[in-house]
Amino acid sequence: MDTQTLIDNAVENGQKALSEFDSKKILAAYGIPVSQEYLASDAKEAVQKAEEIGYPVVMKACSHEIAHKTEGGLVEISLNSTEEMKAAFERILTKTDTPLDGILVQEMVAGKRELMLGLVRDPQFGPCVMVGFGGIMTEIIKDTCFRMAPVDEIEALDMLEEFKSKDLLGPFRGNAPVDKKNLCNAISAIGKIGLENDDISEIDINPLIIRSDGTFAAVDALIVIGRGTK
Amino acid sequence: MITEINQSPLYSIANPKSIAFFGASNNFSAMGSNIFQSIFDLGFEGELYPVHPKEENVQGYKAYRDIMDLPVVPDLVIFVLPTRLICDTMEACGKKGIKHAIVVTAGFREVGGEGLALEEKLKGIAQKYGIRFAGPNCLGVVNTHKKLNTTFLNMEGKPGFIGLASQSGSLVTQMFNYLAELGVGFSTAFSIGNGASVDLVDCLEYLGACPDTKVIGMYVEGIDRGREFVEVARAVSLKKPIVALYVGGSETGRKATFSHTGSMAGPDKLYDGILRQSGVIRARSITELFDYCRILGELPVPQGNRIAIQTHSGGPGAAAADACGREGLELPNFPQETIDAISEFIPQTGSINNPVDLTYSKDQKAFFMGIPDALLRSDVVDMLLMYYLVPDRMLKEALGQIGNSEADDENQNMDVLNDYVAYMAQMLRQHKKPLVGFTFRNLSEIFPQALMANGIPIFSSPEQGVRALKSLVTYSRLNQKIQLQEKNLAS
C-alpha cells in the first residue's frame, strides 16, 4: 500500500492516528531511518521474524487506537529467545482489549542518546518542525527548538546549534558524533511531510535513538490524522 | 515585497498632506482634542480639517459640519469617536472618496462579543470603498521626519532612525522622552491596534523600504499572517536589522493537541525559533528592545565575537567579562604589538590583560584616545566595551591637567570634552568596529549625552552593554545564514 492510500484509508475510517507500523512506513518513504520491524499475527510468526532480525528484539502491541504504549505495559524489550518471545506475546495480549493489527517485532536499537523529532500545525505559521531532547524525560527537560516548514539543511543545522543539549550530538562517552547530515535530512523530511500531507496534523518521533556509531533510527512514531489549518 | 514606501498601504497614513479629523473639539480634556493638538504642536505642514457637528472652529481651525463639505478629498481621516458612530462615519468618508484612515476608537474585536461582528462590519465597509486603515483600538502613527504625530502625547526629542511596529499603543507614544535621553528617536512608529486592515507585515514592508529607518523594532503579541511574516522579515532583515519583543498568549484558534510535540509547542518556544528563522533578533524586555535598536542602528556589524574590555575599575570590568562569558563573547589575549602600544598608558598597579584595567586613570586623554585607539587597531579585537567614570568634577580636573588653566570656563570645558567625543566618533568611523560604553553615572550628564549624540551608545550596566553587543553578533550570523540559504535556492 502506498503512503497516500494509507493516509486516505485512515481518514476514511475516521482514525485519529496511524499505528506505529504505518506511521513508520510514511517516515521511511520520506527517507527517515526507522527501526527494522515486522508485523506478526501470531507467536510463531513473531519468533520467526525475531530470528530474521536477530536477538535481542522488542515486541509491541500495534494498533492505531493505541497512541501511548509504554504506559499500558504494551512494550516488551530485550527479548532474547523463543521462550521469552512466547511469554511476552501472551503478556501483551492479556493487557489490552483493543483489537490489534498484530504484534510488532522490532530490532532493539542500541544507543545511549535519544532525541525527539516532531511536527505540529500552528494556525498562523502552518506546519512547524520540532527537534528536542528525547526519551521519557522529554517533558521534564523541555529542550526543544521549532521552525516553520520548509526547513532546509542550513536551517536544520541552526536548530541543532540552538539545541541546549547539542553536546549530545558530538562525540559522547566513547560514542561517535551523530551523522549530522542525515539528521538534518530527517528534520527537513518532517517538514516536507507536513507541507505535502494536509491530513497529517501532528507527528511524534520519540525516541529517535543514536547508535554508538553515529547512525540513528526512529524507534517509536505516531502520526496524528486531522485536517490542518493551513 | 515593495521597494518604495509609496507602494505601501501605509504611505498615506504616515505621509498625509491633508487630514480630516473626527472627534476633536474645544474641550481639551477629550482624547480627540489632545490628539488634534499633538498634530499641530509638532508643526504638521499639511492641511487639517476638523469635522464637528456644532462648532464653527476647533482649536483655531475652521470646522466642517459634514465630511462632504470639505473642499478637498483629504489623504487621511482620523476617527476618535464613540464606537457606535464609527461604521457610519467610515461609510460617509468612503463616499467622499477618502482611501486611508486611522481608527483610534476601541470597542471592537478586543472586547469580544458584539465587538467581533462590529469589526467585521467595519472591514466590510472599508473594503467596499477601497479604504486601508490602522486600528481600530490604536494610536496611529508618528513620522518624525514629516512632523506627524497622531498620538495623544507631545512628541519630544529629535527625528531618529528607529522604525517601530507595535501592537501596543504605549510603546509608540510613551517612549519619546525615554529615547530622547538616549540620544535616539523614532523615524516612523506605527501603533496598529487590532490590525484589522493593515498589520505587522505591512508595517515591516513599509519600514523596510523607509529611507529614514535604519533599524526596525517590533512589539508583538501575536502574528496573524505567519507565513507572509517570515518571508517579508527574512527579506527585510538582509537590508536592516529587525528586533522583536514578543509577549505571547494572544493567539486565537490554537487547538488542543494529541501529540507530545503539540503539547510542547507553546507559543513562546514556537516564536523563539520562528523569529530566529525570520532573521529577527528577539529582545526579552522593553529596555532591551530599545538597547538593541540603538546599537544596531548606530554601529557597524563586527567581524567576529572577540571583545576587548577597558576599565579603570576592577569590579565593573570583571562583571562585564562575566557577562561576555554568558553571552558567548570571547575575550582574546592581546598580541605583543597591542601590549606594546598600550603599556605606556597603564600604571604599575594596572593590568594589560583583557580586561585592560587602569585601576585609576590619571590621564583622561590616554583613557579616551590612546588606549581605545590601540585596542580597536588590534587584529584580535572585533569590538570594544569601555567602562568609565567621569563625574563633572573629574572632568574639570582633567581639563586643568592638560594645561587648560581656564578650566572653570564652561565653554572651554565643552571644547575639550567635544575633542574627546569627536575623537571617539572618529575612531568609530576609522576602525569600523563597534565601540560602546557603560557607566553607573546618570545618562543625563554632559559626557554620556555628548557621546550618545555622536553615535556612541552608552548603557547603564555591563550586562546591558554586553547583551547589546551580542545582538550585533547575532544579527551578523542570522544575516549570513539567510544569505547562504538564498544563494543555495538560487543555484
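The legends below describe views of a predicted model.

**View 1. Overall fold of chain B.** Chain B contains 18 helices and 19 strands. Its radius of gyration is 26 Å, close to the 23 Å given by the globule rule for 491 residues, so chain B is as compact as a globular protein of that length. Along the principal axes, the C-alpha atoms of chain B fill a box of roughly 80 × 65 × 40 Å.

**View 2. Burial and contacts in chain B.** Of the 491 residues in this chain, 50% count as buried. Among contacts in chain B with a separation of 6 or more, 73% are between residues 24 or more positions apart.

**View 3. The largest nonpolar core.** This core has 199 residues. The residues with the most contacts inside it are A:I187, B:A101 and B:I102. Helix α18 of chain B, residues 462-490, supplies the largest share of the core, with eight residues.

**View 4. Surroundings of B:A101.** B:A101 is one of the residues with the most contacts inside the largest nonpolar core. With neighbours within four places in sequence left aside, B:A101 is in contact with B:L76, B:V77, B:F79, B:M90 and B:C93, and also with B:I131 and B:F133.

**View 5. Domains of chain A.** The domain assignment of chain A gives domain 1 as residues 37-107 and domain 2 as residues 111-225. The C-alpha centres of domain 1 and domain 2 of chain A lie 26 Å apart.

Technical notes:
Residues numbered from 1 in each chain as written. Chains lettered and ligands numbered in written order. Predicted model: local features only at pLDDT ≥ 70, side-chain atom pairs only at ≥ 80, totals over all residues. Helix = DSSP H or I, 4+ residues; strand = E, 2+ residues; numbered from the N terminus. Rg over C-alpha atoms; globule rule 2.2 N^0.38 Å. Buried ≥ 20, exposed ≤ 12 C-beta atoms within 10 Å, placed from the backbone. Contact = placed C-beta atoms within 7 Å. Core = buried A, V, L, I, M, F, W, Y, C linked by C-beta atoms within 7 Å. Domains from an automatic or database assignment.
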